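We will go from stop to stop, picking out one thing at a time.

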Amino acid sequence: MAKMTLEALRALREEKKSALNKRDVEGKTAQIVVGMGTCGIAAGAKGALDGFLAAIDEYKLDNVAVTQTGCMGLCYVEPTVEVIVEGMPNVIYGKVDAEVAKKIVKDHVMHKQMVSEHVFDRPAADIFNGGGK
Amino acid sequence: MALRNYILVCGGTGCESAGADSIYKNLISECELQGVADEVQIIKTGCFGFCEQGPIVKILPEDSFYVQVKPEDAKELVSEHIVKGREVARLLYNKNESKKHAKVEDIEFYQKQFRIVLRNCGFINPENIDEYVAREGYAALEKVLFEMTPDDVINELKVAGLRGRGGAGFPSWMKWNFTKQVEDDVKYVVCNADEGDPGAYMDRSTLEGDPHSILEAMTIAGYTCGASKGYIYIRAEYPLAIKRLEIAMGQAREYGLLGEDILGSGFGFDIEIRLGAGAFVCGEETALLASIEGERGMPRPRPPFPAVKGLWGRPTVINNVETWANIPVILLKGGEWFSKIGTDDSKGTKVFALTGKIRNSGLVEVPMGTTLREIIFDIGGGIANGREFKAVQTGGPSGGVITKEHLDTPIDYGSLTGLGSMMGSGGMIVMDEDDCIVDVTKFYLGFSVDESCGKCSPCRIGGRSLYNLLDKITKGDGEMEDIDKMKEIGAAMKKASLCGLGQTAPNPILSTLHYFEKEYLAHIKDKRCPAGKCKELISYNILADKCIGCTACARKCPVDAIIGERRQLHRIDPDLCIKCGVCLETCKFGAVFVR
């Protein structure tokens, strides 16, 4: 990509903003975001990530995107994962290993049922939600 | 089929013991009774951290946050909220509660936390510049380059009242202004990412989760102060943060957000990463600059300050990661918006790494003025394993302890210094009654002694002498005059040391001597460690009426110090015992105790 002008950057921002709001990654309707900071990785986030990929493969789902993010701040329940599915509230799951990952794909993504005992709360408001008007 | 509502019932230990399980069961039966069972899923969650207000029930997608719910409230929650779609006002959390101390008037949130620095952490993909751009990324840079003069930027920071987050709390606008005012054709911008306090990982998480925010902020400083080159000094132990910074820099260069002629403005700026070998003293700004120059990481006397004469003798703006991460938000939303958050003396938020004997350890960001009690009990969920809170250590090896009596102090730079501790970079280690204050203090002092660069004698010799005295006390050889000696050496080190490391290294001792003198006296006079931690002062024993002679402890003992036949009372030989504590962990009958 060539260097951007001011106009190009602004256009990109608008375009990506709507994509990010819908969390629409290349037409996928569900997104699984794995917390992959040093802390998450040390607690086993890679195992969770592999668990998600394996489950998506096993159930032959083609509408699920798996991406990564940094630390969500919930160190005591690492690895943490956010699951975004159309028509459902966004949910943060904690203590996710490969087995829980499979359950999340089956129950949450496919049957729209949350997985008990692993739901946690996004712990903070940030400048984009709840504040900063 | 998609469900209409999800009812989340907190399943943390605090809420469970307050009846969350009955609430959960009642909600299930009420939903069936009222005929909505097919439209609702009821889920048990992990701890919400709000244990003092528990049991907690949260209903999605409305995000209604109900507190102090009783089992008999289940009926009303279902009939009102689920069936009729009306919130049950009497159980809703009063959002104003969380803003009592923090004065965040125009922000609606039930959580005690508010994220400015960590706004993107755990939300965007840090390796994708587009996601950062979508969250108003590089919009502050745009505004600065095309709509603001350097003086406007400095003025905005002045209105905001941002102070350095590295520990000392120097007003950021003044630093920037000093550098801006010096006439020189070469100036530098430096990011201090040499985070080294034990138990602190705020900066690492910020860099790993949101690297572009640092690049954007440094570029803004370059434009403001007239620098075209920046350095990020980061320790080599942070490989993931380094990798993500490198990816981010590559993407920013590709988009033309770093390099020549940024966005066609004519202004050029680029950044280079310099790896540190992990010496704590290199977090001190003059030692850090020496290390970037390729010299040994040692501090030098100030003045001249780096803002005037820094890297290679040129004017240099140096801020730490958290300070940088605030900059784009301040310029985008305005200094006035920022100044409304926090206290009179300290504006904005502070990130803390909450660790130790806390139930919910984590990375938290709270408005300045939030109390320690709110952080430890409302966010952290209180002390683990039902133990008593003893003290919290803030400021790492440069700080001190804060006790129960001061839990309600609103946190800001001034209040923590007033209590004999300091803000530091944001490590917060919670201690319970099982932690020995003298032992913990020895740990922190040992860290400072190891990390002293040795250049000035107050730090090099004073630190070692203090450590030797503490060591003597924990071994039961302490004398009463040692306390006065420690106070005297500590005071001298504070006054005479060259840099922050030596000036603050006695703080853990001075602070604990002030608040926990009794515990020192127990070690010195009674030769006793009340917390049972100092090995030379304790002994393991077996209670005659509890021991059933199962031999479990004897089989585990690594030095065969436990004597006794099967089904007969066991005894620990004090001469052989190495006080490892394995017997205490092994015994199922509570027969082993520490004296």
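Select B:Gln68 to begin. B:Gln68 is partly exposed, because 14 other C-beta atoms lie within 10 Å. The cut-offs are these: a residue is buried if 20 or more other C-beta atoms lie within 10 Å of its own, exposed if 12 or fewer, and partly exposed in between, with C-beta atoms placed from the backbone. Check the backbone too: phi of B:Gln68 is near 45°, a positive value in a residue other than glycine. B:Gln68 sits in the loop between β4 and α2 (74-84) of chain B.

Two notes before moving on. This is a predicted model, in which local features need pLDDT of at least 70 and side-chain atom pairs count only at pLDDT 80 or more, while totals for chains, interfaces and linings use all residues. Residues are numbered from 1 along each chain as its sequence is written, and chains are lettered from A and ligands numbered from 1 in the order in which they are written.

Select B:Lys579. Phi here is near 60°, again a positive value in a residue other than glycine. B:Lys579 lies in the loop between β17 (571-572) and α22 (582-586) of chain B. Is B:Lys579 buried or partly exposed? B:Lys579 counts as partly exposed, because 19 C-beta neighbours fall inside 10 Å.

**Two cis bonds**

Go to B:Leu60 and B:Pro61. The peptide bond from B:Leu60 to B:Pro61 is cis, with omega near 0°. Look for B:Pro61 in the loop between β3 (57-60) and β4 (64-66) of chain B.

Now switch to chain A. A cis peptide bond joins A:Glu78 and A:Pro79, and omega is about -5°. A:Pro79 belongs to the loop between β2 and β3 (81-85) of chain A.

**All of chain A**

Stay here and select the whole chain. Chain A has 4 helices and 6 strands. Trace them along the sequence: the pattern is α-β-α-α-β-β-β-α-β-β. Of the 133 residues in chain A, 48% are buried. Now take the contacts in chain A with a separation of 6 or more: residues 24 or more positions apart account for 67% of them. Two residues are in contact if their C-beta atoms, placed from the backbone, lie within 7 Å.

**Where the chains meet**

Show both chains. Here 49 residues of chain A are in contact with 60 residues of chain B. On the chain A side, α1 (6-22), β2 (64-69), β5 (119-120) and β6 (124-126) each supply at least two residues. Which element gives the most to that side? Select α1(A): it gives the most, with 8 residues. By class, the side of chain A that touches chain B has 23 nonpolar, 17 polar and 9 charged residues. Here Ala, Val, Leu, Ile, Met, Phe, Trp, Tyr, Cys and Pro count as nonpolar, Asp, Glu, Lys and Arg as charged, and the others, Gly among them, as polar.

**A buried proline**

Select B:Pro328, in helix α11 (residues 321-333) of chain B. B:Pro328 is buried, because 27 other C-beta atoms lie within 10 Å. Leaving out residues up to four places away in sequence, B:Pro328 touches B:Ala140, B:Ser213, B:Glu216 and B:Ala217.

**Helices around α19(B)**

Select α15 (residues 437-451) and α19 (residues 507-515) of chain B. They pack at an angle of about 165°, with their axes 9 Å apart. Axes are lines fitted to C-alpha atoms, for helices over the stretch in contact, and angles run from 0 to 180 degrees between N-to-C directions. The angle makes α15(B) roughly antiparallel to α19(B). Angles under 35 degrees count as roughly parallel, over 145 as roughly antiparallel, 65 to 115 as roughly perpendicular and the rest as oblique. The contact uses B:Ile437, B:Thr441, B:Tyr444 and B:Leu445 of α15(B), and B:Pro508, B:Ile509 and B:Thr512 of α19(B).

α17(B) and α19(B) pack at about 135°, with axes 10 Å apart. That makes α17(B) oblique to α19(B). Finish on the contact residues: B:Ile483, B:Met486, B:Lys487 and B:Gly490 of α17(B) meet B:Ile509, B:Leu510 and B:Leu513 of α19(B).
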